[in-house]
Amino acid sequence: MALPLPGSLTPSKVATFKECALAFRLSAIDRLPEAPSEAAFKGTVVHRALELLMWEEGPGRRDQEAAFSMLGRALDELLASREALQLGLSTSQLEDFAADARTLLTNYLALEDPNAVRVIGTELRLEAQVDGLRLRGIIDRLELDRHGQLVVTDYKTGRAPSAGQEQARLGGVNFYALLCQEVLGRRPARVQLFHLREPLAISSEPSDQSITSLRLQASAIWAAVKRACLREDFRPRPGPLCDWCGYHAYCPAQGGDLSLLAPADGAAVLQPDGAALLQLDGAAPPEANGAAGPGANGAAGPGVPEPTGADALEANGAAGLAAGSARVPGPALSLVEEPSGR
Ligand code: SF4
């Protein structure tokens with residue numbers, strides 16, 4: 001029986017699909033809950049502190065003292081959350097947690113002067129229909145540059161990618177440019193990733209060409225996801241993501257057992273030709289029971305198996321983005337066009 005189709009994709013899910021199709025399936029289709037982690041919670045707290053810094057302090061007052069004060073407020077807000085309660089940090093662990101969060105905020109201040117930021121939105125939820133795919137995402141920060149152009153900023157609090165992974169990670173964030181174009185009717189002049197751990201800034205300048213490339217890539221990704229769902233063919237692709245993946249117990253590449261999974265529910269139902277009959281975020285409709293029809297069972301059949309995930313995208317000619325990018329250690333941030341950029 002075919003797997004249900006996800007109702008939508010986010011930039012991070014797109015990046016996951018390109019890195020490991022099985023990790024994507026377990027997260028986006030089987031919807032296995034991710035175990036609470038101190039790292040993820042720290043990311044939530046630091047994002048909130050930076051959001052407060054932008055809105056609660058005006059230009060000229062956004063300094064380290066203000067950032068640390070906002071961290072205190074963020075902790076006051078979030079320590080009562082379910083995520084925090086599940087973590088159950090001890091007093092000493094909480095002190096270490098707060099100290100590390102202060103380091104991340106200090107590193108942020110090495111990447112840019114927040115007083116120069118003309119913020120117009122934070123935690124913005126955008127959603128657009130792109131060639132049958134519902135693409136959605138939350139933009140950490142949207143601002144105007146000195147020319148009045150949009151700039152999208154995404155904060156990362158984990159480890160920065162290696163140079164080899166950089167384009168894949170930036171590729172996910174570039175989908176925010178496509179979302180802005182679709183929803184706001186304006187293409188951002190720049191999208192930038194701030195890795196607060198290093199600190200490191202990576203940026204790209206979307207163009208008409210790169211937006212067109214993103215559309216093609218979104219279509220190719222959606223086609224690959226639909227094909228993988230029909231064939232129940234989401235293969236593990238061991239790599240750097242494994243270090244962060246919480247699904248080792250289900251992953252054959254890690255000695256896990258995929259049969260531990262309960263049947264997936266929700267999302268959409270596929271016809272044999274891969275078209276979505278229905279898109280739901282909740283439980284699958286009655287047609288899900290066997291509605292996929294002949295050809296949907298039995299995965300790829302006796303022929304040569306087709307690639308999934310990143311391999312499938314390459315087969316669809318959609319690998320890589322045209323946008324130029326820069327990888328500049330803090331404190332300076334500048335843009336360098338790649339020769340083959342756009
Ligand atoms: S452990 Fe690695 S190969 Fe297995 S699902 Fe996770 S990312 Fe993929």
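Which of the 14 residues around the ligand come nearest? Cys 20, Pro 236, Cys 242, Cys 245 and Cys 251 do. The views below are of a predicted model, in which local features need pLDDT of at least 70, side-chain atom pairs count only at pLDDT 80 or more, and totals for chains, interfaces and linings use all residues. Residue numbers start from 1 along each chain as its sequence is written.

**View 1. Residues around the ligand.** The shell holds 14 residues, where a residue is near a molecule or strand if its C-beta atom, placed from the backbone, lies within 6 Å of it. By class, 11 of the shell residues are nonpolar, two are polar and one is charged. Nonpolar here covers Ala, Val, Leu, Ile, Met, Phe, Trp, Tyr, Cys and Pro, charged covers Asp, Glu, Lys and Arg, and the others, Gly among them, are polar.

**View 2. The protein chain as a whole.** The chain has nine helices and eight strands; these are DSSP runs numbered from the N terminus, with helices being H or I of at least four residues and strands being E of at least two. Of its 342 residues, 38% are buried. A residue is buried if 20 or more other C-beta atoms lie within 10 Å of its own, exposed if 12 or fewer, and partly exposed in between, with C-beta atoms placed from the backbone. Among contacts with a separation of 6 or more, 69% join residues 24 or more positions apart; two residues are in contact if their C-beta atoms, placed from the backbone, lie within 7 Å.

**View 3. Helix H1.** Helix H1 spans residues 11-19, and eight of its nine residues are buried, so it is largely enclosed by the rest of the structure. The buried residues are Pro 11, Lys 13, Val 14, Ala 15, Thr 16, Phe 17, Lys 18 and Glu 19.

**View 4. The packing of H3 on H4.** Helix H3 (residues 38-56) and helix H4 (residues 64-78) pack at an angle of about 125°, with their axes 8 Å apart. Axes are lines fitted to C-alpha atoms, for helices over the stretch in contact, and angles run from 0 to 180 degrees between N-to-C directions. H3 and H4 are therefore oblique to each other, the class left after under 35 degrees (roughly parallel), over 145 (roughly antiparallel) and 65 to 115 (roughly perpendicular). Residues of H3 in the contact include Val 45, Leu 52 and Leu 53, and those of H4 include Ala 67, Met 70 and Leu 71. The contact comprises 11 nonpolar residues, one polar and four charged.

View 5. Glu 198 and Pro 199 are joined by a cis peptide bond with omega of about -5°, and Pro 199 sits in the loop between strand E4 (190-195) and strand E5 (200-205). Asp 131, in the loop between strand E1 (118-130) and strand E2 (133-144), has phi near 50°, a positive value in a residue other than glycine. Asp 131 counts as exposed because it has 12 C-beta neighbours inside 10 Å. Glu 232 also has a positive phi, near 50°, and is found in the loop between helix H8 (208-231) and strand E6 (269-270). With 17 C-beta neighbours inside 10 Å, Glu 232 counts as partly exposed.

**View 6. Gln 254 and its contacts.** Gln 254 lies in the loop between H8 and E6 and is partly exposed, with 13 other C-beta atoms within 10 Å. Leaving aside neighbours within four places in sequence, Gln 254 contacts Cys 242 and His 248. Gln 254 and Cys 242 are 12 residues apart in sequence, with their C-alpha atoms 8.8 Å apart in space.
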